[in-house]
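Open the model in your viewer and keep the selection panel handy. We will go from stop to stop, picking one thing to highlight at a time.

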Amino acid sequence: MLISNYDIRLFYRCPMLFYLSKFGPEQEKDVHPILGRSRDRSKYHITSEEEIREKAEQTKARMIQGKSQISQGWILAENLTSRVDRLKKIDLEGSFGSYSYIPILLRNVKYLRKPIIMEGVYAAYVCSLFQEANIDYFQIYRNNEYETHSTENLIDELKEDIVKIDKILAGELKISPNYTRSCRVCEWRKYCKKLVADSLDVTLISGIGKRIKKLLLDYGITDVPSLAQVDLNDLKMENVSRKELEYLVLQAQSLVDKKEKIRGQVDFPSSSYELYVDIEGSSHHNFVWIIGCLLRKGTEHRYLHFLAESPQKEEQMFRSFLKFLEELNGNYTLYHWSLAEPQYFQNLASKYSIKSKRIVELIHSSFDLFPVFKNKIILPVYTYTLKDVANWLGFEWFDPLVDGATSIILFDKWYFHNDREALEKAISYNSDDCKALLIIKDYLSKKISQ
Ligand code: SF4
C-alpha cells in the first residue's frame, strides 16, 4: 500500500492517529465542535494509486524538461509518495543528468515541530529514490525566509519508522494510544480515553509518555495496577529520579483506590481579598484580550472582567486592572493556574513600560495552584488540567464543550466576524475558569491547609 507525506505527518503527530486514520471505527470519531471545522484534511487524501502514478509521471516530465522550479509536484518511488509544495533545481548528478531537485515545504507556522521536520526528511528521501541522487537536505519556507535542514541525524529514524508504517498498513502491527494533554483536541479523544481506561495502560498516568512507558516495560510493568504495587527499591531507571518514580507510583495508587493521596501541607497567605484570575490572549494578534477575575471578600464574591476588544485597547485594559488593584491596598492574594498569568503581567508591564509598584506587588501576591498538585496532593485524574481537576471536584462548566483552545477560536470569531454570541460564550467560559479556581482553592484549604 502507498505511504504518503500526509501519512508521515500523521504518524509523527501520533502513531495511534495514523493507525486510526486507516482502521479506526468512523462512528467513534467525535469531531471537536469548533476546532473540527478548521481541520478539514480531505484535501490531502489520495484518491487512487493510479492517479498518483499519473501525477508522478507529469512531475517527471517537467523534471526532464529541466524546469527551474516545480510547484505541487508528486514524487513516487517504490511504495513511497509525496506531494511537494515546491521542487527546486540544483546542480547535483542524478537520473536526469547534471541536475536534480530538492524539496521545499511552505509552512506558515511559528514553531517547527517534529511532524513537519519529518515530512521534510521524508520528502528528501523520496526525492533521492525518485531521482537516484543523494538529496540529504530540504528547505522550509516560512516567515519570508528559506531555512535549510539536513536529513543526516533523522534519516535512520525515518527508515525504521517506514518499516513500522508498512507493518501497520499490512495489519501486522497494532498501536495503542498514549493519552496526553494534546489528546484533548483530537477527534479520537473519547475513543482513545476509553481504550486506555479499559486497558489501564500506564500512559493513563500524568507524566508517563512514550519514554517512561518503554522503561517500565523492561520491568514488565504495563498497566496501572502493576505500577501501583511496585516496590520503589526495585525500580531503577536512567534519567528518572527517585522522586519522580515515587510520584508515578503514588499516582497509580490514587487511580486504583480512586482516592486522593496527601503528601504535604500548604500554607495559604491570609489576606482580606482573594482574586481568582484567568487571562486569555489572542493567538493571531499577540495581545491579551481578557483579564477575568473573581473577587472574594469573606463570603461574598463577584466576577469582573477587563476586556480589550482590539490590540490598541490592551494597554488601557491592563491599566484599568491595575487601578482596580489599587482599591485593594495590596491586601490580596491572586490565585491562578500555571505560570502563564504572572508571565502575562510581566510582559504587559514591559510592553507598556509600566514601572508601578503595583507590578511588583502583583507578582509577589500571585499564588499558582497548579504545582500544589504533584507536590502536595495527588488526585485520581488522568491529566491535571484546570478542567479535569475541577471536574473531579464536582464542578461543571456551564458549556462543557468549550475549553481553552476553543475559547481562542471563539474570540477570533468575534474579532474577525463580529460574532457577539461567540464573545459572550468566551467570557462565560472565562468566568467559569475563575470559579473553578475558587472551588479548587477551597478544596485545598479544607484538605491540606495548615
Ligand atoms: S486521542 Fe491522543 S492517542 Fe488517540 S489518536 Fe488522538 S492524539 Fe493519538
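Select L227 and show what surrounds it: setting aside neighbours within four places in sequence, L227 is in contact with V202, L216, I221, L248, V249 and A252. Here, two residues are in contact if their C-beta atoms, placed from the backbone, lie within 7 Å. Before going further, note that this is a predicted model, in which local features need pLDDT of at least 70, side-chain atom pairs count only at pLDDT 80 or more, and totals for chains, interfaces and linings use all residues. Residues are numbered from 1 along each chain as its sequence is written.

Together with L227, they touch the most other members of the largest nonpolar core, which has 102 residues. Such a core is a set of buried Ala, Val, Leu, Ile, Met, Phe, Trp, Tyr and Cys residues joined through C-beta atoms within 7 Å. Helix 16 (residues 420-448) gives the most to this core, with 10 residues. Helices (H or I, at least four residues) and strands (E, at least two) are DSSP runs, numbered from the N terminus.

Zoom out to the whole chain. How many helices and strands are there? The chain has 16 helices and 12 strands, and its C-alpha trace spans about 80 × 55 × 40 Å along the principal axes. Of its 450 residues, 32% count as buried, meaning that 20 or more other C-beta atoms lie within 10 Å of a residue's own, with C-beta atoms placed from the backbone (12 or fewer is exposed, in between is partly exposed).

Next, highlight helix 1 (residues 5-13). Since 7 of its 9 residues are buried, helix 1 is largely enclosed by the rest of the structure. The buried ones are N5, D7, I8, R9, L10, F11 and Y12.

For a contrast, select strand 5 (residues 145-150). Of its 6 residues, the number buried is 0, so strand 5 lies largely in the open. Strand 5 pairs with strand 4 (residues 137-142) in the antiparallel sense over 6 bridges; strands pair if DSSP finds at least two bridges between them. Look for Y137 opposite S150, then for N143 in the hairpin, where phi is positive, near 50 degrees.

Move on to strand 8 (residues 287-297), which runs antiparallel to strand 7 (residues 273-282), with 9 bridges joining them. S282 stands opposite F287. Strand 8 also pairs in the antiparallel sense with strand 9 (residues 300-307), over 8 bridges, and there I290 has L307 as its bridge partner. In the turn between strands 8 and 9, G298 has a positive phi of about 60 degrees.

Now show the ligand. The residues around the ligand are C14, M16, L17, L20, P177, N178, Y179, C183, C186, W188, R189 and C192. Helix 2 (15-23) and helix 6 (189-199) each supply at least two of the shell residues, and helix 2 has the largest share, 3 residues.

Finally, colour by pLDDT, the predictor's confidence in each residue, from 0 to 100. The chain averages 90, and 94% of the residues score at least 70.

Notes: Near = placed C-beta within 6 Å.
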